[in-house]
Amino acid sequence: TPGCGLRRLIAATERSELPSGLNANEKFDRILIDSPAGIEAGFRTAAAPAQGALVVVNPEVSSVRDADRIIGLLEAQQVTEIRLVVNRLRPKMVASGNMLSEGDILDILGVKPIGIIPEDEGIIVSTNVGEPAVLGKTKAGEAFMATARRLKGEEVPYPKFEERSEE
């Protein structure tokens, strides 16, 4: 997108290839590669050039189990900077004991968080109207922006989501 410093890349199919749209002579602080879910060839291709990784996990047992396997593979590839994004957190479900808390997830995975994103109906609305979630006044949009700021190296406090169980 012109002026914002972001560029959409088409994924490479071989580990030795650069994604199209990326020039080997260009210098970037970070390149974000969205890997397919699971540990298939797509993940391995995306992870091959990685020096760091953001692992996105939902607060569900199966997602945490998959994230644990991914983190192990990344560590085996000597990926040194691994950070965690906890996505779709529902504080009321956490408070009632029906969902893993961000603390539980961090204890299980042993990886530092960089973002905690709450479940937010505003995401569905923004998707339906074609507007980026970060432009609206939603808790998830604010959490995405805070995560981006942390990626840039800013000290941004983590949100305290209301954690009362539904009555």
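Trainee: Let's start with contacts between residues at least 6 apart in sequence: what share of them join residues at least 24 apart?

Mentor: That share is 62%. Keep in mind that we're looking at a predicted model.

Trainee: Okay, what's the mean pLDDT, then?

Mentor: The mean pLDDT is 80, and 73% of the residues reach 70 or more. One stretch to treat with care is residues 12-16, where pLDDT stays under 50. The model has nine contacts beyond four places in sequence for that stretch.

Trainee: How many helices and strands does the protein have?

Mentor: Six helices and three strands. Going from the N terminus, the order is α-β-α-β-α-α-β-α-α.

Trainee: And what fraction of the residues is buried?

Mentor: Buried residues are 31% of the 167 in the protein.

Trainee: Let's talk strands. How do S2 and S3 run, parallel or antiparallel?

Mentor: Parallel, with four bridges joining S2 to S3.

Trainee: Why is S3 described as largely enclosed by the rest of the structure?

Mentor: Because six of its six residues, 113-118, are buried.

Trainee: Switching to charges: how many salt bridges turn up in the whole structure?

Mentor: Four. Among them is the one where the side chains of glutamate 119 and arginine 88 meet, at 2.8 Å from N to O. That pair ties together distant parts of the chain, 31 residues apart: arginine 88 is in strand S2, and glutamate 119 is in the loop between S3 and H5.

Trainee: Which other arginine forms a salt bridge with glutamate 119?

Mentor: Arginine 90, with the closest N and O atoms 3.9 Å apart. This pair also links distant parts of the chain, 29 residues apart, with arginine 90 in the loop between S2 and helix H3 (91-95). Put together, Arg88, Arg90 and Glu119 form a network of salt bridges.

Trainee: Where does arginine 149 find its salt-bridge partner?

Mentor: At glutamate 154, with the closest N and O atoms 2.8 Å apart. Arginine 149 is partly exposed at 38% relative accessibility, and glutamate 154 is partly exposed too, at 34%.

Trainee: What about glutamine 78, what is its phi near?

Mentor: Near 60°, again a positive value in a residue other than glycine. Glutamine 78 is found in a loop, though, the one between helix H2 (61-76) and strand S2 (81-89).

Trainee: Is glutamine 78 buried or exposed?

Mentor: Exposed, because its relative accessible area is 63% and the cut-off for exposed is over 50%.

Trainee: Now I'm curious about H2. Is serine 63 in there buried or exposed?

Mentor: Serine 63, which is found in helix H2, is buried, with a relative accessible area of 16%. Leaving out residues up to four places away in sequence, serine 63 touches Val57 and Asn58.

Trainee: Last one: which residues form a nonpolar patch on the surface?

Mentor: Val134, Leu135, Phe144 and Met145, with about 350 Å² of accessible area together. Leucine 135 is found in the loop between helix H5 (121-129) and helix H6 (139-151). On its own, leucine 135 is exposed, with a relative accessible area of 60%.

Trainee: Great, I'll find those on the structure now.

Technical notes. Residues are numbered from 1 along each chain as its sequence is written. Side-chain values use heavy atoms; hydrogens and water are left out. Helices (H or I, at least four residues) and strands (E, at least two) are DSSP runs, numbered from the N terminus. Buried means under 20% relative accessible area, exposed over 50%, partly exposed in between (1.4 Å probe, protein chains only). Two strands pair if DSSP finds at least two bridges between them. Patches are made of residues with over 30% relative accessible area and no salt bridge: like charges are joined within 9 Å, nonpolar side chains (Val, Leu, Ile, Met, Phe, Trp, Tyr) within 5 Å. Accessible areas come from the Shrake-Rupley method with a 1.4 Å probe; for residues, only the protein chains shown count as cover. Contact means heavy atoms within 4.5 Å. pLDDT is the predictor's confidence in each residue, from 0 to 100.
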